[in-house]
Amino acid sequence: MATLAHAPSRPAAPPRPSEPVRRSGPFRHLGPNWYATVMGTAIVANAGAALPLAAPGLRTACRFVWALSALLLVTLLAARAVHWLRHTDQARRHLLDPAVAPFYGCLSMALLAVGGGTLTVGRDVIGGPAALAADAVLWSLGTLVGVAGAAAIPYLMVTRHRIEPGSATPVWLLPLVAPMVSAALGPGLLPHLPAGQWQQAMLVACYALFGMSLLATLLVLPLVVSRLIHHGPLPLALTPTLFLVLGPLGQSTTATGNLADVAPGVVDAPTAHAMGAFAVLYGIPVTGFALLWLALASALVVRAVRNGMPFAMTWWGFTFPLGTCVTGAAGLARHTGLTAFTWLAVALYALLVAAVAVAAARTASGLAHGRLLTPPPPAR
């Protein structure tokens with residue numbers, strides 16, 4: 001089974017007759033989309049820790065899932081390094097393929113998700129100072145990679161990729177939402193910075209990352225909706241990527257809530273109050289739209305399943321975006337005191353756990369049977 005489900009943009013160019021045939025291997029077709037497994041696993045721990053209620057055994061389960069996500073991150077970083085060293089031609093081909101290049105945004109979000117989980121959950125295992133140091137490193141690296149990808153991938157789309165009409169997919173959002181993840185997780189580090197200019201600069205930087213991602217998303221999302229309306233449903237294997245639209249919605253709601261939480265004492269009282277009000281006035285309408293999109297995407301997924309939607313790594317697209325909606329709803333529960341948001345967060349979390357369990361089981365089965373690291377089928 002192909003590792004990546006290609007959009008109808010431009011298939012990867014076949015090797016020219018003069019090029020030597022390169023031997024395949026277990027890492028040759030290991031694409032950047034595999035970082036979605038880290039994101040989807042880490043968000044279970046992060047969202048579980050953010051739930052506005054306590055459940056017996058939840059914290060222990062979150063610690064286990066965090067440790068698994070950290071192990072997955074280290075393993076994939078090593079495997080992807082081997083991919084770049086031994087299969088440089090394939091790695092460059094991925095960058096020049098408009099169906100694959102946006103998945104490089106997953107690297108940043110994997111680093112950030114594990115870093116955030118280390119500070120909130122992993123500190124129970126490795127201690128506070130080590131958790132803070134790990135998160136500081138992973139947040140800084142993930143933010144640099146995310147901002148670079150948010151600029152580099154659109155640049156490649158403009159200058160090197162051949163984008164066919166009607167080929168827009170939610171995958172295009174992946175490099176653009178990465179700075180929003182930085183904006184949502186940066187507030188966790190802010191209290192550990194020196195008071196004054198350092199904390200204020202961090203707060204302002206996170207709001208700048210929020211705006212960077214939000215405005216870029218607002219440019220791309222209409223293209224995705226237009227493609228759906230004018231060209232019909234996505235190919236079956238790409239249908240799960242419809243859930244990626246939930247990512248910037250839930251993550252931006254999470255970001256405004258987290259930033260409002262740390263604003264008091266960093267900025268003056270009126271500004272902090274305005275940030276708290278913005279978190280509610282922004283988050284509630286966006287959550288409403290997220291629920292509408294969740295209904296639409298779910299209906300299209302049901303349709304695709306009835307038409308024989310196969311398993312692909314795109315199924316991990318169900319996971320991280322749902323997790324951001326959990327943390328967004330949990331933030332609204334904190335800021336409004338409404339029990340309705342608490343139960344919304346719990347319901348979405350249950351859906352998230354089910355989605356991760358299914359995706360993980362199918363991925364493990366695919367790896368065991370050798371279907372997920374094979375080359376994609378030739379274009380017809």
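Modeller: A helix here is a DSSP run of H or I with at least four residues, strands being E runs of at least two, and both are numbered from the N terminus. Gly 40 is part of helix α1. By the way, this is a predicted model, where local features need pLDDT of at least 70, side-chain atom pairs count only at pLDDT 80 or more, and totals for chains, interfaces and linings use all residues. Residues are numbered from 1 along each chain as its sequence is written, and side-chain values use heavy atoms, with hydrogens and water left out.

Back to Gly 40: it counts as buried because its relative accessibility is 0% (buried is under 20%, exposed over 50%, partly exposed in between, with a 1.4 Å probe and protein chains only). So who touches Gly 40? Skip its neighbours within four places in sequence, and you get Trp 316, Thr 319, Phe 320 and Val 356 (contact means heavy atoms within 4.5 Å). Val 262 is another story: 222 residues along the chain from Gly 40, with 26 Å between the two C-alpha atoms.

Now hop over to Val 114, which sits in helix α4, residues 105-126. Val 114 is buried too, since its relative accessibility is 2%. Leaving out residues up to four places away in sequence, Val 114 touches Val 38, Ala 42, Trp 66, Ser 69, Ala 70, Leu 73 and Leu 138. As for Ala 151, that residue is 37 places from Val 114 in sequence and 23 Å away in space, C-alpha to C-alpha.
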